[in-house]
Amino acid sequence: MVSHVQLPPEIQLAQRLAGNEQVTRDRAVKKLRKYIVARTQRASGGFTHDELLKVWKGLFYCMWMQDKPLLQEELGRTISQLIHAFQSAEAQHLFLRTFWQTINREWTGIDRLRLDKYYLLMRMVLNESLTALKMRGWEERQTEQLLELLTTEILHPDSQAPNGVKSHFLEIFLEELTKVGADELTAEQNLRFIDPFCRIAARTEEPLVLHNITRGIFETIVEQAPFAIEDLMKELEEEEDDEMLEGNEEMSAGKERERGQDVPSKKPWKGSIHGAEPDVDEEQGEDDEDSTGPVLQFDYEAVANRLFEVASHQSTPSQNRKRLYKVIRKLQHLAEGFFPEDEVPEKAYRSLQGGRRERKAKKRLPKSRLQNKTGKGGKEDPPPGLSPGSERMRRRRGVGPNPTAHQEQPGDRGRRGAPRKKRRPQGGARAKVASGQEPKTQQ
């Protein structure tokens, strides 16, 4: 009689996570969270690398079996938030490392109909990993460990990450970092976050990785520069408004004390600049039109110097150096105060949205006018009164069509082409006319 061998808890959970019934999968996810909390609380507890790989394989196929979009989003959020069930930063990093290893291993087997759900899962896991870093106060050591993990598993030349994983990660990194830390991170901290991309861009031999880093990281920083300056100006204006409000309140309170009257409430009156209550619809309309959300702040000169440091190294391929030098020039222009758009930072949003279209329209304007004048096909319509033959004759002589330059005279009938200028008689002809001799052609 064969004895029944009990499977490890990780394998049992993985089997239930990949079950056919949604109820079974949902219960397995809840049990997995409780199991992670209970096991990581013990001093001798914790997961091994192989155990977490088994857990992630079950979670991967749990996402695979979920078809409805709204349920996919809910499940992706639940899976990504499992990182907060781990009690230590080392356990969280191991959980993240095994996730990216699982994605790299299973990526080639994902069909195109299921790609979107795993793109969403990657975005949510990256967001929660940055949120966990934020909860620890953006510690420098924890930041370096997370960046080393992401670089090793995704961007390093020896990593097994497919091109699709690399491209999507580079596309969403700054977006998720902006959502999580734009309100708290300083320019120095942001430079620390993009430093691994500077090093990879300088030494990579893959053109696709170089293009995605340049486009998804550095050029995105350049494009967001007007919004970053606008955010700084808004903060300065708010600080000035607060100082003016406090000063006005102190002055009014001092005057009331001198008069012996009660001090009014600190709430400004409606007619004042700071107490005016704008129309709700107008305020919402302005927010919808001009609000662009938080933007990461960068020291553009420091970013340019760091890029130049890695790009000017002897081991940097010439193609990488040439591409990075273009980005460095743009960053240097930003550091000197030259922005990519004309009307920034006052109308940064409008200029970015409509500036390019207006300039393109201005460039196309002369051609459109020319087409309106010349008609269909780009050919000029011959002036009235001229036959096609006379038009060809005018073109051979280099004379352009000008209907207003000459009107048909009675003596011009029978002539072909444009009217010729009358030639003045030569000296011999003048002598014959003066002596009274008539031309031989007259009878």
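## Basis of the model

Local features require pLDDT of at least 70 and side-chain atom pairs count only at pLDDT 80 or more, while totals for chains, interfaces and linings use all residues of this predicted model. Residues are numbered from 1 along each chain as its sequence is written, and side-chain values use heavy atoms, with hydrogens and water left out.

## Cavities

The whole structure contains two cavities of 30 Å³ or more. A cavity is a set of points, on a 1 Å grid over the protein atoms alone, where a 1.4 Å probe fits but cannot get out; lining residues have an atom within 4 Å of a point. Volume is the space filled by probe spheres set on the points, which are joined across faces, edges and corners.

The largest cavity holds about 80 Å³. Its lining includes Ile83, His93, Leu96, Ser129, Arg136 and Leu146. Helices α5 (89-106), α6 (115-135) and α7 (140-155) each give two or more residues to this lining, and α5 gives the most, with four. Helices here are DSSP runs (H or I, at least four residues), numbered from the N terminus.

The second largest cavity, of about 40 Å³, is lined by Leu147, Leu150, Thr151, Leu155, Phe169, Pro196 and Phe197. Two or more of these residues come from each of α7 and α9 (187-203), with α7 giving the most, four residues.

## Helix α10

Helix α10 (residues 207-223) bends by about 30 degrees at Thr214, the bend being the angle between axes fitted to the seven residues ending there and the seven starting there. Of its 17 residues, 12 are buried (under 20% relative accessible area; exposed is over 50% and partly exposed in between, with a 1.4 Å probe and protein chains only). Thr214 itself is among the buried residues, as are Asn212 and Glu219.

## Salt bridges

The search of the whole structure finds 18 salt bridges, each a side-chain nitrogen of Lys or Arg within 4 Å of a carboxyl oxygen of Asp or Glu. Glu140 pairs with Arg192 at 4.0 Å between the closest N and O atoms. This pair links helix α7 to helix α9, across 52 residues. Glu140 is partly exposed at 44%, and Arg192 is partly exposed at 22%.

Within α9, Asp195 and Arg199 lie four residues apart, about one turn of the helix, and their side chains meet at 3.2 Å, N to O. Asp195 counts as buried at 19%, whereas Arg199 is partly exposed at 31%.

Notes. 1 Å grid on protein atoms, 1.4 Å probe; cavity = no way out; pocket = protein on both sides within 12 Å on 5 of 7 lines; lining within 4 Å.
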